[in-house]
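Subject: Structure handover and notes

Hi,

Here is the structure I promised to pass on to you.

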Amino acid sequence: MNPDPACAAGPLVVACGPRPGGNTAWAANRIRDALAAQGLSPVLARLADFDVLPCTGCQACAHTPGHACVLAGQDQAEELFAAIEQASGLFFVSPIYFYHLPALFKALIDRSQRFFAARQAGDLSHVGPQGRQAHVCLVAGRPRGAKLFEGSLLTLRYFLWPFGIALAEPLTLMGLDGPGDLAADTEAVPRLDDWTANAARA
């Protein structure tokens, strides 16, 4: 059962891939377990378990009081945004599809337009304490590509900006396509463990 992410003020680990047995699902579980082993109280949220409607591009949030979304209450996007605002630390684990983030994650990012509109208007009510960082692990099936992660990282920087959250040094892994590829990789797993340990100390 997926725990309610809005109930936790500890680290939030968001698994952004659609496959429950995929590489990023495995990585998210490992990150959660590593954080718990350090005495933290992480919560794992799988985007595939949440209903997030796509942004309609109506731009109502740019003009309505409080920059509210017209879809609020019709799905669980606001539940996830509340968890992001409340979490003491953030970890996003995502596969790369066509040189970018998968549909589940992109839908949530698009729905954050209301927070972007609020900050552009000078409303800082959603900006949390200074110094918060988001730790991002991106896993690609392609074994090469000079700009394989570039678009995703740029999008994530602007997604996090309305919340006052900086993007920490990401972990990017290539050539891990099939289920079990990451778990069996004797070089990638230690990199993931070291990155998680460093992120927990940040």
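First, some ground rules. This is a predicted model, so local features need pLDDT of at least 70 and side-chain atom pairs count only at pLDDT 80 or more, while totals for chains, interfaces and linings use all residues. Residues are numbered from 1 along each chain as its sequence is written, and side-chain values use heavy atoms, with hydrogens and water left out.

Salt bridges

Side chains of opposite charge can pair when their charged atoms come close. The whole structure has 5 salt bridges (a side-chain nitrogen of Lys or Arg within 4 Å of a carboxyl oxygen of Asp or Glu).

One of them joins Arg114 to Glu78, with 2.9 Å between the closest N and O atoms. Because Arg114 sits in helix H4 and Glu78 in helix H2 (residues 77-86), this pair ties together parts that are 36 residues apart in sequence. Helices (H or I, at least four residues) and strands (E, at least two) are DSSP runs, numbered from the N terminus. H4 itself covers residues 113-120.

Is Arg114 buried or exposed? Arg114 is buried, at 12% relative accessibility, whereas Glu78 is partly exposed at 23%. Here buried means under 20% relative accessible area, exposed over 50%, and partly exposed in between (1.4 Å probe, protein chains only). A polar atom of the Arg114 side chain also lies 3.5 Å from the backbone oxygen of His67. Beyond neighbours within four places in sequence, Arg114 is in contact (heavy atoms within 4.5 Å) with residues including Cys61, Gly66, Cys69 and His126.

Another salt bridge links Asp193 and Arg30, whose closest N and O atoms are 2.7 Å apart. These are distant parts of the chain, 163 residues apart: Asp193 belongs to helix H6 (residues 188-201) and Arg30 to helix H1 (residues 23-37). Both ends are partly exposed, Asp193 at 29% and Arg30 at 32%.

Arg32 and Asp33 form a salt bridge too, at 3.1 Å from N to O. Arg32 is partly exposed at 26%, and so is Asp33 at 44%.

Nonpolar cores

In soluble globular proteins, nonpolar side chains tend to be buried together. A nonpolar core here is a set of buried Ala, Val, Leu, Ile, Met, Phe, Trp, Tyr and Cys residues joined through side-chain atoms within 4.5 Å. The largest one has 36 residues, and Leu12, Phe81, Phe92 and Phe159 are among those with the most contacts inside it. H2 gives the largest share of this core, 5 residues. Phe159 touches Phe81, Ile84, Phe92, Phe105, Ile109 and Ser112, leaving out residues up to four places away in sequence. A second, separate core has 19 residues, including Ala27, Leu44, Val139 and Trp195.

Strand E4

Which strands does E4 pair with? Pairing requires at least two bridges found by DSSP.

- E3 and E4 run parallel and are joined by 6 bridges; Phe92 stands opposite Val136 in E4.
- E5 (residues 166-167) is parallel to E4, with 2 bridges; Gln133 stands opposite Ala166 in E5.
- E6 (residues 171-173) pairs with E4 in the parallel sense over 3 bridges; Leu138 stands opposite Thr172 in E6.

Since 6 of the 7 residues of E4 are buried, this strand is largely enclosed by the rest of the structure.

Notes. A polar contact is a pair of N or O atoms within 3.5 Å; within protein, one must be able to donate a hydrogen and the other to accept it, and residues adjacent in sequence count only if both atoms are side-chain atoms.
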